[in-house]
Amino acid sequence: MLKLSGLSVKYGSYAAIQEVDIEVGNGELVVLLGSNGAGKSTTFKAISGLEKPSAGSIEFEGTAIGGKSPERIVQAGIVQCAEDRKLFPRMTVYENLIMGAYVHRKKKQAVKQSLQHVYELFPILHEKKENAAGSLSGGQQQMLAIGRSLMSMPKLILLDEPSIGLAPLIVEQMFDVIEKINQEGTTVLLAEQNANAALRIADRGYVFESGSIVVQGTSQELLTNDEVRKAYIGA
Ligand code: ATP
């Protein structure tokens, strides 16, 4: 479904990622691991059209999308849920969700169904639909950010550190929901520092170090890889 080949991105003369090869199959849940600054967010930004690749290619369902505009990429079926959530704090939960369906604004019935689906996944968003987004707790805001991304009816969702800054119990709920979203048919590419929890729900993973992929494998392989355990799982 998604194929990155030799993908490199530079900020000025600084090479943030170099020759990254990643494949994500239709229906898979794939995780990108790595510490702060290793290149996960930059990879996401290149896929979603926010940064232009300096080399390499990005193919989605057989079509080259590298360097296309973010709007074209959302229309193609890829949505990014960024680490900083980018909600509109003074708008209501409902209004934030509707903004996520912007590319489908003419398909009223489909948007209604999507909204229903998001409220089923996150009942708290239904309960608080008239509240300002900025009044929600951190975990609820993260749920809103994911819900808003789902409103674009993506085939592939890019989740950038959805567990960051959340209490352990909420993190657990977050991973359960991500697994559910995947089981319902949306392909997921997840960037996480919480390697243990992420590998428990993922099919496969890639480990980034200083802008390159250093290890890849099935979740089982990564969970039992000594280096991965030492660096990211702490065992
Ligand atoms: P994080 O979890 O902190 O987001 P990451 O693995 O996603 O980490 P990136 O954000 O992709 O890492 O950063 C990769 C490298 O590029 C880092 O060295 C970072 O400092 C640098 N970088 C990121 N964004 C910019 C930018 N806009 N301008 C210059 N350098 C940047």
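Trainee: How far is an oxygen atom of the ligand from an N or O atom in the side chain of threonine 42?
Mentor: Before the answer, keep in mind that this is a predicted model, in which local features need pLDDT of at least 70 and side-chain atom pairs count only at pLDDT 80 or more, while totals for chains, interfaces and linings use all residues. Residues are numbered from 1 along each chain as its sequence is written, and side-chain values use heavy atoms, with hydrogens and water left out. A polar contact is a pair of N or O atoms within 3.5 Å (within protein, one must be able to donate a hydrogen and the other to accept it, and residues adjacent in sequence count only if both atoms are side-chain atoms). For threonine 42, the separation between the side-chain atom and the ligand oxygen is 2.5 Å.

Trainee: How much of the area that the ligand exposes when taken alone does the protein bury?
Mentor: Accessible areas come from the Shrake-Rupley method with a 1.4 Å probe, and for residues only the protein chains shown count as cover. The ligand by itself exposes 630 Å², and the part of this that the protein buries is 65%.

Trainee: Which helix gives the most residues to the shell around the ligand?
Mentor: The ligand is surrounded by 14 residues, the closest being Gly37, Gly39, Lys40, Ser41 and Thr42, where a residue is near a molecule or strand if one of its heavy atoms lies within 4 Å of it. Helices (H or I, at least four residues) and strands (E, at least two) are DSSP runs numbered from the N terminus, and at least two shell residues come from each of strand 2 (14–24) and helix 1 (40–47). The most, 3 residues, come from helix 1.

Trainee: How many residues of the shell around the ligand are charged?
Mentor: Asp, Glu, Lys and Arg count as charged, whereas Ala, Val, Leu, Ile, Met, Phe, Trp, Tyr, Cys and Pro count as nonpolar, and the others, Gly among them, as polar. The shell holds 4 nonpolar and 7 polar residues, and its charged residues number 3.

Trainee: Which residues have the most contacts inside the largest nonpolar core?
Mentor: A nonpolar core is a set of buried Ala, Val, Leu, Ile, Met, Phe, Trp, Tyr and Cys residues joined through side-chain atoms within 4.5 Å, and in soluble globular proteins nonpolar side chains tend to be buried together. Here the largest such core has 47 residues, and those with the most contacts inside it are Ile178 and Leu190.

Trainee: Which helix supplies the largest share of this core?
Mentor: At least three core residues come from each of domain 1 (1–77 + 156–161 + 187–235) and domain 2 (80–153), with bounds taken from an automatic or database domain assignment. The largest share, 6 residues, is supplied by residues 168–183, that is, by helix 7.

Trainee: Is glutamate 19 buried or exposed?
Mentor: Glutamate 19 lies in strand 2 and has a positive phi, near 50°, without being a glycine. Most residues other than glycine have a negative phi. Because its relative accessibility is 63%, glutamate 19 counts as exposed.

Trainee: Where is methionine 153, which has a positive phi of about 55°?
Mentor: Methionine 153 is partly exposed, at 29% relative accessible area. Its place is in the loop between helix 6 (138–150) and strand 7 (156–160).

Notes
Buried means under 20% relative accessible area, exposed over 50%, partly exposed in between (1.4 Å probe, protein chains only).
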